[in-house]
Amino acid sequence: MKEETFNQLANKIETFKYTSFKYLDYDDIKDYEVVLDKPDILLIYGFNTTAQMHEIIYACNDIDVFLSHMTAYPNTLIKFIPESWHEKLKQLNYTDYAMMRDHWLSDLSSFNYDDSNIITATPKDAQEISDITRENAGMSRAFYGD
């Protein structure tokens, strides 16, 4: 896929309610192929070298439209599936590969810590912090990092 195509698709996915395209960079899928590009669904297919399996990147507004195309891609990695789709994908013989859940600690009153070793970042630290963040992009969201 050309980078220009990737950028066009990145803009187009904003019109869809559901997508797994959101956390991607061009380098992640530059060798993937757009297999379906319609007003109601977008499918991109390729081999995920990190997971060592084929993957579908999707964008759509309706689960039934999405599911109608998934029988053509058995044993394929599909990331960022809404929880409400889980059972329907299982009925198509998809299995869980990994489950990611965000948990938030809202009340910090019981959290005890020693703040004597904490250094507060300042605006002059911003570039170094940014470099570290970019170097580790995708490491925790997809469980592929250290």
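This is a predicted model: local features need pLDDT of at least 70, side-chain atom pairs count only at pLDDT 80 or more; totals for chains, interfaces and linings use all residues.
**Nonpolar patch.** I noted the rule for patches: residues need over 30% relative accessible area and no salt bridge, nonpolar side chains (Val, Leu, Ile, Met, Phe, Trp, Tyr) are joined within 5 Å, and like charges within 9 Å. Accessible areas come from the Shrake-Rupley method with a 1.4 Å probe, and for residues only the protein chains shown count as cover.

I then looked up Ile118, which sits in the loop between helix 4 (86-91) and helix 5 (126-135). Ile118 counts as exposed, at 52% relative accessibility. The cut-offs I used are under 20% relative accessible area for buried, over 50% for exposed, and partly exposed in between (1.4 Å probe, protein chains only).

**Ground rules.** Residues are numbered from 1 along each chain as its sequence is written. Local features need pLDDT of at least 70, side-chain atom pairs count only at pLDDT 80 or more, totals for chains, interfaces and linings use all residues, and side-chain values use heavy atoms, with hydrogens and water left out.

**Charged patch.** I found a surface patch of negative charge made by Glu3, Asp25, Asp27 and Asp28. Asp and Glu count as negative, Lys and Arg as positive, and His and the chain ends are not counted. A charge is placed at NZ of Lys, CZ of Arg, CG of Asp or CD of Glu. Asp28 belongs to helix 2 (residues 26-29) and is partly exposed, with a relative accessible area of 41%.

**Salt bridges.** I counted 2 salt bridges in the structure; the term means a side-chain nitrogen of Lys or Arg within 4 Å of a carboxyl oxygen of Asp or Glu. One joins the side chains of Asp37 and Lys12 (2.2 Å, N to O). Asp37 is in strand 2 (residues 33-38) and Lys12 in helix 1 (residues 3-12), 25 residues apart. Asp37 is partly exposed at 42%, and Lys12 is partly exposed at 25%.

Lys79 and Glu55 also meet in a salt bridge (3.7 Å, N to O). Lys79 is in the loop between strand 5 (77-78) and helix 4, and Glu55 is in strand 4 (residues 53-60), 24 residues apart. Both Lys79 and Glu55 are buried.

**Whole chain.** I listed 5 helices and 5 strands. Helices (H or I, at least four residues) and strands (E, at least two) are DSSP runs, numbered from the N terminus. Of the 146 residues, 26% are buried.
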